[in-house]
Amino acid sequence: MDCANNFFSLIHGHAFEPVLDAVRAAMVKGTAFGMPTESEILLAEMLAARSPRMEQTRFCNSGTEAVLAAIKGARGITGRERIAKFEGCYHGAYDWVEVSLDPTPANWNDKNGDPASVRCNAGTPDSVLRETVVLPYDDPQRCAEILRREGGSLAAVIVDPHASRAGTVPISMETAAVVQEACRRDGIMLIADEVISFRLSYEGASPLFGLEPDLMTTAKIIGGGLPIGSVSGPADRMSVFDHSAGKPKVSMGGTFSANPLSMAAGLASLAHYSRAAVDQMNALGDRLRAELRQGFAKAGVAATVTGMGSLFRLHVGPGAVTGYRSAFANADTAKLLRRIHLAMLDENVLLTPNCSGALSTPMNEAEVLLIADKLIHVVEREFGARPDAAA
């Protein structure tokens, strides 16, 4: 049972027949064109029908490309250069959003006790660190203080309302309100990164948290397993990319953007991810997390599971997980999680390397209960083998 599903992009599992049929039908008409196709219009209309915040959409090839374009668009709209992002949150392989992706206790605070701008990869210029403000995911008061201080210089705040790398916990309503207020107050563009979290409701994740983004990025499930990314927003925001009257403020395009095979796969994927399918997936996710929490408690192991909707993540060790720092795995915990990941693979269940996962529509209650049973027993066994591993 694959709970990684190509890092959560296969909402209908592998080789979903409607997607395969759609791609076959599209392929015989041609695999790439240098002009718009009807299928990209249909997919953009399907997104607009799901969310009023997705009035217009431009497609690209990945979530990274979508985030890159959204940030450039926000800079083009505001005339500002700096951005803000949340500590530990992943938004793709782009210099500015990689800042403070994986800080450690040794470097995660600056001299004022705020989250520091920490280089993730070699080659990131110092100027990128200065242009990126880092926010705490689970401290709304500190978040508000930082945004009051820095807001006038920011082009955008990017937020994933259910950040996978920050513990796979939903952002608090208080923090979401702080971000929304700051964006309205200071003219900051709010970018909602829903590359993963779009699956959480029929309309996407933002409405669940009272967010009204200026721009939204999506990918993964909207492509049915083929490469895709998108930037969406109200027409007045998306006009920054409009080239119909000449050179736009911000150019957005690419050789394979809106590839007709990806468009066809995306149409089939979303057509079968109906409100009923979303509700069923969310209910199964609730059941899985409840079974796991009860099982860990009964086994007497210091483990828990976080998540929302069809997404979940295992955490080992005491204490509640509220964000990146409380989810941070020390060396012993990381070794234990690796052992659990491999042990689950021996049980024929594939999780991601940090022991997170997602359900897919072919799964039903029987599969969910089997996943829970296997994970409870694996965790109990590995804790018994290394009782001090989560210390």
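Start with A44, which sits in helix α3 (residues 38-50). Keep in mind as you look that this is a predicted model. A44 counts as buried because its relative accessibility is 17%, and the cut-off for buried is under 20%. Leaving aside residues up to four places away in sequence, A44 touches T57 and F59.

Next, turn to helix α7, which spans residues 140-150. Its buried residues are C143, A144, I146, L147 and E150. They cover an arc of only 165 degrees around the axis, so they lie on the same side of α7. What do the buried residues of α7 pack against? Their partners are the strands β2 (82-86), β3 (132-135) and β4 (154-159), together with helix α8 (173-186).

Finally, the cysteines. The disulfide count comes to zero. For C60, the closest cysteine sulfur is that of C89, and at 20 Å it is too far for a bond, given that a disulfide needs sulfur atoms within 2.5 Å. C60 is buried, with a relative accessible area of 5%. C355 is in no disulfide either, and its nearest cysteine sulfur, in C3, is 11 Å away. C355 is buried too, at a relative accessible area of 1%.

How values were computed:
Residues numbered from 1 in each chain as written. Predicted model: local features only at pLDDT ≥ 70, side-chain atom pairs only at ≥ 80, totals over all residues. Heavy atoms only, no water. Buried < 20%, exposed > 50% of the residue type's maximum accessible area, 1.4 Å probe, protein only. Helix = DSSP H or I, 4+ residues; strand = E, 2+ residues; numbered from the N terminus. Arc of directions from axis to C-beta. Contact = heavy atoms within 4.5 Å.
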